[in-house]
Amino acid sequence: MATEQELITRWDSFLGKITTRFHESLAHAEEACVDQLIESGYEYETVFIAWQGMKAQIRELIGKIDSTWSEKVAPEMRAIGDFWIDHYHKGSEVSDTLEETLGAFERALKGRLSQQFYDHAILLAEQKHKCTQCDASIVLKKDIFRAQYVTCRYCNTVNTIEPEATFMKIGWGVVDNIAKVRAQAEYDRLRQTEEALREQRKPVDATYWQAYETAYFNYWERFFRERNLLDSESIKRLEADRERKRTEFENFKKIQTS
């Protein structure tokens, strides 16, 4: 029968190997997604479907921590002592860290792929279009991702221009992903204040709520600002979006303080 130290060493080694494989998997997934985006001719949706499959496999890897503990490690440790509880928490902490890292990685990956797609698709707005009346060149706006009604500057004819489908896809979440990454610093601060808030016992001191509220609205204002720079039509729903975020904040606070 293995000794206490041998079991602890095995468990620590296992957790280390899982962590190493996890980070290797992230690196491989990022490379594969970037390559697929280019090789597929910027089939944006296909790449994210592929990523979902990769993410499922990475989650299975994280899940091995719990299953290995339950099926192998815990029974062996319990058989020789009560030291097992400290090492159960060690595995839980590694799992939580890897899940958090996976979430941050996905956010950054979506931002990177979206920026690459945007840089490619935005060039399609530069394709030449002609006025249906006088054949003069028509210039599309690069921050409207739908059919555009463009008045010819020479003859005043209103032309309906249907951009390339790839260009219009920029409005299907691409802009949001880019805006999220541009607001990363504010998002990190929001996560920090939320974590500090959750660690407090009730009733929570008002200063923690104030810090969280400030970080919450700072993040969303930065997100909206970056989104509006890329998609001018999003300005039309800005006040509605702000009101929705105010409601979400109040609902969250009500739940947490009840």
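Is L140 buried or exposed? Select L140 to find out: at 5% relative accessibility, L140 counts as buried, where buried means under 20% relative accessible area, exposed over 50% and partly exposed in between (1.4 Å probe, protein chains only).

Before moving on, note that this is a predicted model, in which local features need pLDDT of at least 70 and side-chain atom pairs count only at pLDDT 80 or more, while totals for chains, interfaces and linings use all residues. Residues are numbered from 1 along each chain as its sequence is written, and side-chain values use heavy atoms, with hydrogens and water left out.

**Stop 1: around L140**

Keep L140 selected and look at the loop between strand 2 and strand 3, which is where L140 sits. Helices (H or I, at least four residues) and strands (E, at least two) are DSSP runs, numbered from the N terminus. Now show the neighbours of L140: leaving aside those within four places in sequence, L140 is in contact with A125, H129, Q148, V150, I161 and P163. Contact means heavy atoms within 4.5 Å. For a distance to check in your viewer, take the C-alpha atoms of L140 and L124: these residues are 16 apart along the chain, and the atoms are separated by 9.6 Å.

**Stop 2**

Next, select C131, C155, C134 and C152. How many disulfides are there? A disulfide is a pair of cysteine sulfur atoms within 2.5 Å, and by this rule the count comes to 0. C131 is in no disulfide, and the nearest cysteine sulfur, that of C155, is 3.6 Å away. For C134, the closest cysteine sulfur is in C152, at 3.6 Å, so the pair is too far apart for a bond. Colour by accessibility here: C131 counts as buried at 4% relative accessibility, whereas C134 is partly exposed, with a relative accessible area of 34%.

**Stop 3: backbone angles**

Most residues other than glycine have a negative phi, and most peptide bonds are trans. With that in mind, pick D135, in the loop between strand 1 (129-130) and strand 2 (137-138). Phi of D135 is near 70 degrees, a positive value in a residue other than glycine. Then go to N156, in the loop between strand 3 (148-151) and strand 4 (158-161). N156 also has a positive phi, about 65 degrees, although it is not a glycine. N156 is exposed, with a relative accessible area of 57%.

Which kind of peptide bond runs from K202 to P203, cis or trans? Select the two residues and read off omega: the bond is cis, with omega near -5 degrees. P203 lies in the loop between helix 6 and helix 7.

**Stop 4: T193 in helix 6**

Step back to helix 6 (residues 184-198) and pick T193. T193 counts as buried, at 5% relative accessibility. Not counting residues up to four places away in sequence, T193 touches A211, Y212 and A215.

**Stop 5**

Two packed helices are described by the angle between their axes and the distance between the axes. Axes are lines fitted to C-alpha atoms, for helices over the stretch in contact, and angles run from 0 to 180 degrees between N-to-C directions.

Select helix 5 (residues 174-182) and helix 7 (residues 206-230): their axes come within 8 Å and cross at roughly 135 degrees. The two helices are therefore oblique to each other; angles under 35 degrees count as roughly parallel, over 145 as roughly antiparallel, 65 to 115 as roughly perpendicular and the rest as oblique. To see the contact, show V175, D176, I178, A179, K180 and R182 in helix 5 together with Y219, R222, F223, E226, R227 and L230 in helix 7. The residues of this contact divide into 6 nonpolar, no polar and 6 charged. Here Ala, Val, Leu, Ile, Met, Phe, Trp, Tyr, Cys and Pro count as nonpolar, Asp, Glu, Lys and Arg as charged, and the others, Gly among them, as polar.

Within helix 5, V174, V175, N177, I178 and A179 are buried. The buried residues of helix 5 pack against helix 2, helix 3 and helix 7.

**Stop 6: helix 2 and helix 3**

Finally, select helix 2 (residues 44-78) and helix 3 (residues 84-121). They pack at an angle of about 175 degrees, with their axes 11 Å apart, and are therefore roughly antiparallel to each other. Their contact holds 18 nonpolar, 5 polar and 6 charged residues.

End on F48 in helix 2, which is buried, with a relative accessible area of 13%. F48 touches K110 and L113, not counting residues up to four places away in sequence.
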